[in-house]
Amino acid sequence: MSDLPLFLGSRAREGPGRPSTIQGGNAMKKVILAAVSVSLGATVLVGCGGESSDDAFDGKSADTIAEEAVKATRDAKSLRIVGKAKQPDGNEIGLDFRVDDQDLCTGTMTGKGAKADVVQVGQSVYVRGDEKFWQNTLKGKPGTEKVVQQVQDKWVVSDSTQAGTEGMCDKQAALALLDSDKSERKGMKKGKTTEVDGTPALILEKEQKNGEKITMYVATEGEPYVLKAVSEGGEVPSETVLSEYNKKVDAQKPAAEDVVDLKKINA
């Protein structure tokens, strides 16, 4: 039972830092981590219209702004990733994570009727899933029911390099996806300025040949961070909000008595 595919029962290595079938093939969605992220509630977009796009970024082109936004987002020391993605089968996959570049991470994953909390401190990853989560994750393996009983209300520990958890909380791996395909952020057009959760933002848009529309919201004050991205019309509609840039990630190891090692459970 050493294999621990943790993303809600998937057999692939998936997570914020790991591309997957959930994410689809579009690198821009990978940039924003939209395909594995969840926004649990209404959109944070507040208002439309505003000043002309020519008044923001001193007349820079949309492609230049997108490039600068990608760099600023990658250079951030920490951030929060909140979003949702709907798979072709109608299942909505979600995630709300805070992650930094010091191997600290805390968050929640949802999907397929399941939920799991995740904490990483150093090279140790801890996952506390509900019953449905573990049933999805261990489905088909011998002794599943016995294992599920033993991990209820417990944190299951794994090494961050282990299959299933590798890259789950790796900020650098996650944001490296921003430049996995530079062509995906070429040919964007500037829209109006608006606000994302109270922060002024410029809208950048791109229509893909397959009919998919990508919309990116870039902060117009301070660093040009990516604040939000939406994918519409494609196989995997998604929405992601990035926030809490450079804020401390409060991740602490669970109490020892609440931790179990799945490899040591005799199923």
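Strands β11 and β12 pair in the antiparallel sense, over four bridges. Two strands count as paired if DSSP finds at least two bridges between them. Strands themselves are DSSP runs (E, at least two residues), and helices are runs of H or I with at least four residues; both are numbered from the N terminus. This is a predicted model, in which local features need pLDDT of at least 70, side-chain atom pairs count only at pLDDT 80 or more, and totals for chains, interfaces and linings use all residues. Residues are numbered from 1 along each chain as its sequence is written, and side-chain values use heavy atoms, with hydrogens and water left out.

Stay with β12. Its bridge partner for Lys228 is Val241. In the hairpin of β11 and β12, five residues lie between the strands, and Gly233 takes a positive phi near 85 degrees. Strand β2 (residues 78–86) also joins β12, through six bridges, and the two run antiparallel. Here Ile81 has Leu242 of β12 as its bridge partner. How many of the six residues of β12 are buried? Five are, so the strand is mostly covered. Buried means under 20% relative accessible area, exposed means over 50%, and partly exposed lies in between (1.4 Å probe, protein chains only).

Lys228 has a second contact to look at. It lies over the face of Tyr217, at 5.4 Å from the ring centre. A charge sits over a ring if NZ of Lys or CZ of Arg is within 6 Å of the ring centre and within 35 degrees of the ring normal.

Now the aromatic rings. The whole structure holds two aromatic pairs. Rings of Phe, Tyr and Trp (its six-membered ring) pair if their centres lie within 6.5 Å; planes under 30 degrees apart are stacked, over 60 edge-to-face, and the rest tilted. Phe133 and Trp134 are edge-to-face, at 5.0 Å centre to centre and 85 degrees between the planes. Both Phe133 and Trp134 are buried. Why is the pair of Tyr225 and Tyr245 stacked? Their ring centres are 3.8 Å apart and their planes are at 5 degrees, so the pair counts as stacked. This pair links distant parts of the chain, 20 residues apart. Tyr225 sits in the loop between β10 (213–219) and β11 (226–232), and Tyr245 in the loop between β12 (238–243) and β13 (259–261). Tyr225 counts as buried because its relative accessibility is 14%. Tyr245 is buried too, at 13%.

Step back to the whole protein. It has five helices and 13 strands. Of its 267 residues, 51% count as buried.
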